[in-house]
Amino acid sequence: MKTICLYFEIHQIIHLKRYRFFDIGTDHYYYDDYENERSITEIVERSYMPALNALLEMIKTNDRYFKVAFSLSGVGIEQLEIHAPQVLDKLQELNDTGCVEFLAEPYSHGLSSLINEDCFAVEVKKQSLKIKEYFGQTPKVLRNSSLIYSDDIGLKVSQLGFKGMLTEGAKHVLGWKSPHYLYHCSMAPNLKLLLRDIRLSDDISLRFNNSSWEEYPLFADSYMAKIKALPNEEQIINIFMELSALGIAQPLSSNILEFMKALPICAKQAGLTFSTPTELCTKMKSVGALDVPDTLSWVDEERDVSCWLGNAMQREAFNKLYSIADRVRIANDVRINQDWDYLQASNNFRFMTTKTTGISIDRGIYSSPFDAFTNYMNILGDFINRVNNLYPEDIDNDELNSLLTTIKNQGDEIEMKEKEILRLQTKIEKMEAAEAKLQNKTSTRKTKSTAKKPTIKKTAIEKS
């Protein structure tokens, strides 16, 4: 029986403010708070809340037949905590149905998997803990930023203990193969791979409201009929997209949510089911290894990483940022870590692209790729100076690691001794209280003994 795996990404861009060369060393705050609040409020009202309400209705009205998966970036969760906690509440309500799975991904929605294994591992673990905190789920399947994947990345993900990973069903990788099977990583056979069906996903996320599209208007029954018409042996249909496709890319006026609500009904009529990524990775067998020596993603026609690292400016900014990755990780300073997460976000490099894709890019405050590069490098210059001021450059990473480990161990020892002192003080107080209570009882008994008068019986002689 064919099964549909439906997945949505939730991530929020952190907008940087205009930061000039002369701000370096004097201004350590890099963000446009007004734009961050405005943009997330808009996307929540126009997309997230209506879409999540629709998905919840789909689960409840179809008696748990419908299932769906999400992944949330850590920085996206942080923005929702500040500006739109109602989205997290709604996601928790969806989670309570038992029909929703939450996936792991890099905390920053960045590109660390391409350059630094340790940084990537820290990010994934940090985001997984955030998911566990909110939804009580420990993610078993990972979705890398923009579905970035290669054999080497798959090996890293497998070593982190994940059962499966989502990636793109790119033509140049699959060749004659179909994305409608479960594959595994060529370097780690225990890591299952779920491949996005580009056509079926983009029919909803990109083409649904396009009146010049030959299949316009798209109806739920005809959409499910296309899936049913696939060869019988092709059992897994992975439909992956951003949640913002429902309401932003495809406006609510296009009836996109009515289309979505009809999908479970039409799927049931067509004999199709819904599954979560972990269910597929656990229950289904891989048909073979997928060889991906070069990195792929779900962005642009090339399906590679050229939109982030395709020109000299992007590579310069990327290499400069990750030149201090180990130092930031070793130092583990709270304020530095937050800026590090925001500066890693992939959109910072996307704004610098000079590619002509035919699709316009909203660069926000930037007038050109060069403007985006200049602004980012000014901020990065200040950030690197802060890291070096906290932990001087003349101390190498090994020495810094040793020094901070010693400080941490001493701190742990002091904390342990303080706890022991507190425990002993509490014990002494209890002993003193017990002693005082005993003394009080003894004193009370003596008082009562003294207060009693001896009674002498009168003899018969005295009576007479």
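I began with the lining of the largest cavity, to which strand 1 and helix 8 (220-228) each supply at least two residues. Helices (H or I, at least four residues) and strands (E, at least two) are DSSP runs, numbered from the N terminus.

I noted the basis of the entries: the model is predicted, local features need pLDDT of at least 70, side-chain atom pairs count only at pLDDT 80 or more, and totals for chains, interfaces and linings use all residues. Residues are numbered from 1 along each chain as its sequence is written, and side-chain values use heavy atoms, with hydrogens and water left out.

**Cavity.** I searched the whole structure and found one cavity of 30 Å³ or more. A cavity here is a set of points, on a 1 Å grid over the protein atoms alone, where a 1.4 Å probe fits but cannot get out; a pocket is an open set with protein on both sides within 12 Å along at least five of seven lines; lining residues have an atom within 4 Å of a point. Grid points are joined across faces, edges and corners, and a volume is the space filled by probe spheres set on the points. The largest cavity has a volume of about 30 Å³. I listed its lining as I4, L6, I204, Y223, M224, I239, L263 and F274. By class this lining has eight nonpolar, no polar and no charged residues; Ala, Val, Leu, Ile, Met, Phe, Trp, Tyr, Cys and Pro count as nonpolar, Asp, Glu, Lys and Arg as charged, and the others, Gly among them, as polar.

**Strands.** I then followed strand 1 (residues 3-10), which runs parallel to strand 8 and is joined to it by seven bridges; two strands pair if DSSP finds at least two bridges between them. Y7 stands opposite F240 in strand 8. In strand 8 (residues 236-242), six of the seven residues are buried (under 20% relative accessible area, with exposed over 50% and partly exposed in between; 1.4 Å probe, protein chains only).

Helix 6 (171-174) and helix 7 (198-205) are the elements that give two or more residues to its lining. I counted three nonpolar, four polar and five charged residues in that lining, including K171, D197, R199 and E234.

**Cores.** Of the 75 residues in the largest nonpolar core, W308, W340, F349, Y376 and F383 touch the most other members. Such a core is a set of buried Ala, Val, Leu, Ile, Met, Phe, Trp, Tyr and Cys residues joined through side-chain atoms within 4.5 Å.
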